Amino acid sequence: MTTDRTNEQWLADLRGDGEAQERALLDLKDRLQRGIFYYLSRERSDLTYLSQRELTQMAEDLAQDSVLRVMDNLDSFRGDSLFTTWATRIAVRVAISDLRRARYKDFSLDSLTANGDLLPATSNPVSGTPPTGPERSAEQAEVLAKIQAALDNALTERQLRALIAVAIHGVPLDVVAEQMDTNRNALYKLIHDARRKLRAYLESQGLSLEYMMNLFQG
Amino acid sequence: MDEQLHKLINSIFVDHQENCIDCETCCQQLSCLADMVTSGVEVEQLLPAVEDHLRCCADCREEYQALLCIMRADLNGQLSKLD
């Protein structure tokens with residue numbers, strides 16, 4: 001795999017017609033397919049159960065989708081990187097989004113956020129440490145109540161659901177965005193606003209990071 | 001500390017960066033950043049806004065690391081050996 005075209009040549013060939021375009025499309029697919037295959041076979045420990053042949057097929061399918069995506073977005077290439085890096089970035093997004101969807105195919109945001117038990121139910125949220133004294137337990141319970149109040153009062157239901165899924169359970173933005181009928185960027189902003197509101201609320205209650213960490217870590 | 005409580009507090013106070021750029025802005029700069037990083041420059045010295053976003057966005061971080069991995073393999077000639 002070599003950088004055999006300049007950015008301008010890639011664009012001209014891909015926008016052209018006839019044999020030059022056909023060759024450029026094949027070269028691009030080959031390049032992206034090699035990159036995707038390398039990533040799938042060397043970096044994804046969750047795919048080790050797949051045979052070489054299955055990985056090759058997967059890489060080929062993803063490369064095909066990636067080429068279509070690159071062609072759809074050709075006009076947005078700004079030329080501030082190598083064209084092949086830009087195209088690889090698109091292929092990476094296509095591949096990883098596909099893997100995330102497959103991994104979370106049975107995921108339900110409704111089930112995840114249905115019980116609402118985000119915070120520890122007991123007054124001793126410190127696990128793995130000896131029981132705390134009554135004064136400390138009371139202080140912890142008071143702070144937990146304030147955090148719960150922040151979640152209840154500072155956030156919209158939509159923000160709370162998104163925050164629980166992404167920040168607490170680590171569900172990818174793409175997956176949650178799909179279930180919330182939004183896009184990844186809008187979801188990121190929604191969570192960003194939720195964090196800011198929670199931080200402002202908790203700080204207005206005199207709760208800092210250091211204080212809470214000390215309190216709950218015993 | 002309860003794991004969920006720990007994640008929540010971290011999410012609010014540690015992961016959250018005021019004025020952090022969004023995924024779309026980060027994404028637009030990733031290929032440029034990857035080119036520079038594979039030429040040997042440390043990411044922290046390049047685009048601090050992107051670095052901040054990558055620190056607090058697991059999705060973008062995963063994609064950036066995958067991009068770098070493929071580019072480094074390409075530079076080392078490992079992709080041409082896949083036939």
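Student: Which loop of chain A holds A:Asp181?

Tutor: This is a predicted model, and in it A:Asp181 sits in the loop that runs between helix 8 (173-179) and helix 9 (184-204) of chain A.

Student: What is the phi angle of A:Asp181, and is the residue buried or exposed?

Tutor: A:Asp181 is not a glycine, and yet its phi is positive, at about 55 degrees. As for its surroundings, a residue counts as exposed when its relative accessible area is over 50%, and A:Asp181, with a relative accessible area of 72%, is therefore exposed.

Student: Where is A:Val166 found, and is it buried or exposed?

Tutor: A:Val166 belongs to helix 7 of chain A, which covers residues 157-168. The cut-off for buried is a relative accessible area under 20%, so A:Val166, at 17%, counts as buried.

Student: Which residues is A:Val166 in contact with, leaving aside its neighbours within four places in sequence?

Tutor: With those neighbours left aside, the contacts of A:Val166 are A:Val171, A:Leu173, A:Val176, A:Leu187 and A:Ile191. A:Leu202, by comparison, is 36 residues from A:Val166 along the chain, and the C-alpha atoms of the two are separated by 20 Å.

Student: How should I read a cavity, and how many of 30 Å³ or more are there?

Tutor: The general idea is that a probe the size of a water molecule, rolled over the atoms, shows where empty space is left. In this structure the count is 1 cavity of 30 Å³ or more, and the largest cavity holds about 30 Å³ of space.

Student: Which residues line the largest cavity?

Tutor: Its lining draws on both chains, with A:Arg89, A:Val92 and A:Arg93 from chain A, and B:Cys27, B:Leu30, B:Glu63 and B:Leu67 from chain B. The elements that give two or more residues to this lining are helix 4 (83-103) of chain A and, in chain B, helix 2 (23-38) and helix 4 (58-75). Helix 4 of chain A contributes the most, with 3 residues. Sorted by class, the lining of the largest cavity has 4 nonpolar and 3 charged residues, and no polar ones.

Student: What does the secondary structure of chain B come to, and what percentage of its residues count as buried?

Tutor: Chain B has 4 helices and 0 strands, so that reading from the N terminus gives the order α-α-α-α. Of its 83 residues, 51% count as buried. Among the contacts in chain B with a separation of 6 or more, 58% are between residues 24 or more positions apart. The accessible surface of chain B is about 3800 Å², and carbon and sulfur atoms account for 46% of that surface.

Note on methods: Residues numbered from 1 in each chain as written. Chains lettered and ligands numbered in written order. Predicted model: local features only at pLDDT ≥ 70, side-chain atom pairs only at ≥ 80, totals over all residues. Heavy atoms only, no water. 1 Å grid on protein atoms, 1.4 Å probe; cavity = no way out; pocket = protein on both sides within 12 Å on 5 of 7 lines; lining within 4 Å. Points joined across faces, edges and corners; volume = space filled by probe spheres on them. Nonpolar A, V, L, I, M, F, W, Y, C, P; charged D, E, K, R; others polar. Buried < 20%, exposed > 50% of the residue type's maximum accessible area, 1.4 Å probe, protein only. Contact = heavy atoms within 4.5 Å. Areas by Shrake-Rupley, 256 points an atom, 1.4 Å probe, with all protein chains shown as cover.
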